[in-house]
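Please look over the sequence and the model shown here before reading on. The paragraphs that follow lead through parts of it step by step.

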Amino acid sequence: MISHVTSAKTATSFDMSAHPIRVLAVFSWELRRRLAGRSFWITASMVFVLTLAFMWLGQFKACVELYKGSCVSLAGTSASGILLEMPGLLMLWFAMLVPFLTADLVTLDVKRRTHEILMATPLSKSAYIWGRYLAGLTLCLLLALLILAGTLLMGVALTHFLWLGLDGPSDLVNYPPPNVQAILLVWVISTLPVVFLLSSIGFFFSTLLPASSGFIKALVLVGWLACWMMAEFLFGHFKIAQWDPTNSTLASTFYPDMQKAYFSGISPTMTLDQRQQVLNRVQQNLPDLTNWLLTHALYAALGLVLTTLTVFLFRRFDTTPRWGQK
Amino acid sequence: MELVCEQLGKHYGTIWAVHDVTLRAGSGIIGLVGPNGAGKTTLMRMIATLLVQTKGSITWNGHDTRTHGAEVRQVLGYLPQDFGLYPEFSGRQFLRYIATMKGLPRGVMQKRVDEMLELVNLESVASRKLRTYSGGMRQRIGIAQALLNDPSLLIVDEPTVGLDPEERVRFRTLLATLNTDRLIILSTHIISDVEAIANRVIIMNKGQIHTDTTPEDLLREAEGHVWTVVADAATAARLQTQHQLTALVNHRDGIQLRIVSATRPTENAVLVEPNLEDAYMMTVRGQKAVLTV
């Protein structure tokens with residue numbers, strides 16, 4: 001019940017005009033709100049567990065040479081292995097999650113009918129849009145960090161615990177340690193631009209077309225999948241491979257060089273273990289990814305441009321007629 | 001303070017939701033009433049800068065709300081008819097969140113939130129998640145958020161929906177106490193709420209202002225038009241089809257009808273003092289058509 005008071009105009013007086021609402025305030029409250037719900041933590045757990053599972057299942061990414069019935073294997077956490085593992089497997093499904101995390105950042109206000117309460121406050125469009133988007137982006141980046149952590153963790157585990165091994169060299173010595181530098185670089189190239197781009201595409205279209213947000217999420221998901229499947233055809237040519245936003249052509253671009261280095265390093269008299277040692281050395285050489293960094297920085301920038309466009313095109317007003325309601 | 005709407009209109013497709021509305025208001029409480037689809041919510045959303053008008057203008061203290069929307073929102077408190085809350089937040093967190101969005105200075109925010117929680121009697125459940133709140137509690141949180149910034153322009157759309165009778169009376173009392181140095185626009189279907197607190201009544205119908213008067217004048221117009229009759233079932237059924245009814249109560253000795261009519265409806269009809277609901281019914285009866293572009 002509402003208490004008896006003499007007035008709601010209480011002793012607390014304040015000057016409203018001197019306090020503009022900052023992006024940071026919207027960002028921190030939205031982040032707090034999302035972290036207070038269960039769904040983010042469930043998603044985070046799922047991302048971490050799936051990363052560990054995929055890294056374990058993909059601990060040997062390729063059979064570089066079949067020698068006397070056994071494989072000389074490429075490790076998933078070496079420089080060459082991570083070029084295959086991270087864009088080719090982890091980012092395929094992780095990218096599908098991204099639009100689901102950002103598409104509803106504003107749309108849900110319209111659906112939940114919190115939109116009118118917020119839009120009746122002095123909150124500016126830019127603070128609202130940027131604050132919300134940055135909160136969603138931060139959540140995506142937190143999940144991406146879990147992928148990085150899971151990859152590194154499984155790399156260390158595979159190096160030190162033989163019992164984790166599937167088909168591959170039979171002794172502990174032959175699983176190379178994770179190449180932290182390569183893992184970090186490939187994570188930066190394959191994860192961050194994708195997060196910036198897909199998060200903003202989902203956010204842009206859903207915010208401007210709130211009634212179609214479900215359709216938009218599905219469309220981004222299917223579009224990403226199609227792009228991933230067509231990447232080899234679209235970007236397979238070496239000169240334009242670095243424009244592949246999915247990075248699924250990343251490994252195939254550099255794999256032949258690694259293979260060539262391996263075969264030039266072995267001799268016919270070498271045993272399987274000796275061959276594996278050669279490969280373990282060769283597979284840790286990180287190719288020059290400067291061009292990939294540049295093009296992917298552009299993709300990330302495109303994401304920010306889309307969010308800026310969202311600010312300009314977003315309307316505070318929900319034009320749905322409200323008449324005839326009780 | 002002054003709110004001025006001139007020749008205000010909004011149409012959706014070919015239908016005018018609000019058409020040629022002109023009004024001028026200073027501090028006080030305006031009771032905005034009318035049948036469903038009369039244009040009340042559309043009018044209030046335009047004043048609250050949530051909807052752009054198709055034609056006409058709205059000014060607040062001389063400033064056009066289309067160009068000075070941010071200034072209006074600084075002093076605006078708005079409770080929509082149908083609103084949602086964030087289930088992840090507790091009541092206190094939600095109010096602090098809205099206080100931040102309203103730009104309340106950090107130094108006074110906590111105090112103001114506590115005051116509002118006390119005002120709507122939700123201090124004891126302030127730490128509970130909003131998903132656990134009942135309909136009445138949610139409505140009270142809605143009222144609290146509208147008052148957080150001590151608004152000069154308070155627009156409340158069906159604020160007492162979901163409140164139990166005791167809460168409703170207390171909310172009316174609260175609104176009445178706010179009636180200084182501020183303009184309150186209260187839209188409701190509960191005419192007794194308007195009768196209790198409003199000093200001006202605007203009846204909207206078909207997107208236009210049908211009547212703009214004081215409750216006293218509206219009541220005066222209905223004097224001599226309100227009757228009570230105790231009748232058997234057959235007579236009651238006949239009277240219902242012939243006259244405008246404002247109440248029907250079953251008694252041991254028959255059915256008591258409250259009828260609005262210019263002439264005595266039956267021999268045994270007794271002339272009674274009108275209330276605002278009778279006056280309202282008398283004003284809006286028989287008008288259902290809508291305007292088209």
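Two strands are said to pair if DSSP finds at least two bridges between them, where strands (E, at least two residues) and helices (H or I, at least four) are DSSP runs numbered from the N terminus. This is a predicted model, in which local features need pLDDT of at least 70 and side-chain atom pairs count only at pLDDT 80 or more, while totals for chains, interfaces and linings use all residues. Residues are numbered from 1 along each chain as its sequence is written, and chains are lettered from A and ligands numbered from 1 in the order in which they are written.

Strand S6 of chain B (residues 76-79) runs parallel to S7(B) and is joined to it by four bridges, with B:Leu79 standing opposite B:Val156. S7(B) also pairs in the parallel sense with strand S8 of chain B (residues 183-187), over five bridges, and here B:Ile155 has B:Ile185 as its bridge partner. From S7(B) the chain crosses to S8(B) through helix H6 of chain B (residues 165-177), in a β-α-β crossover that is right-handed, meaning that, with the strands pointing away from the viewer, the path from the first strand over the helix to the second runs clockwise.

Elsewhere in chain B, strand S1 (residues 3-12) is joined to strand S4 (residues 55-60) by five bridges in an antiparallel arrangement, in which B:Cys5 is partnered by B:Ile58. S1(B) also pairs in the antiparallel sense with strand S2 (residues 15-25), over seven bridges, and B:Val4 has B:Arg24 as its bridge partner there. S1(B) and S2(B) form a hairpin with two residues between them, and B:Gly13 in the turn has a positive phi of about 60 degrees.

Chain A, finally, has twelve helices and two strands, and 43% of its 326 residues count as buried.

Definitions and conventions:
A residue is buried if 20 or more other C-beta atoms lie within 10 Å of its own, exposed if 12 or fewer, and partly exposed in between; C-beta atoms are placed from the backbone.
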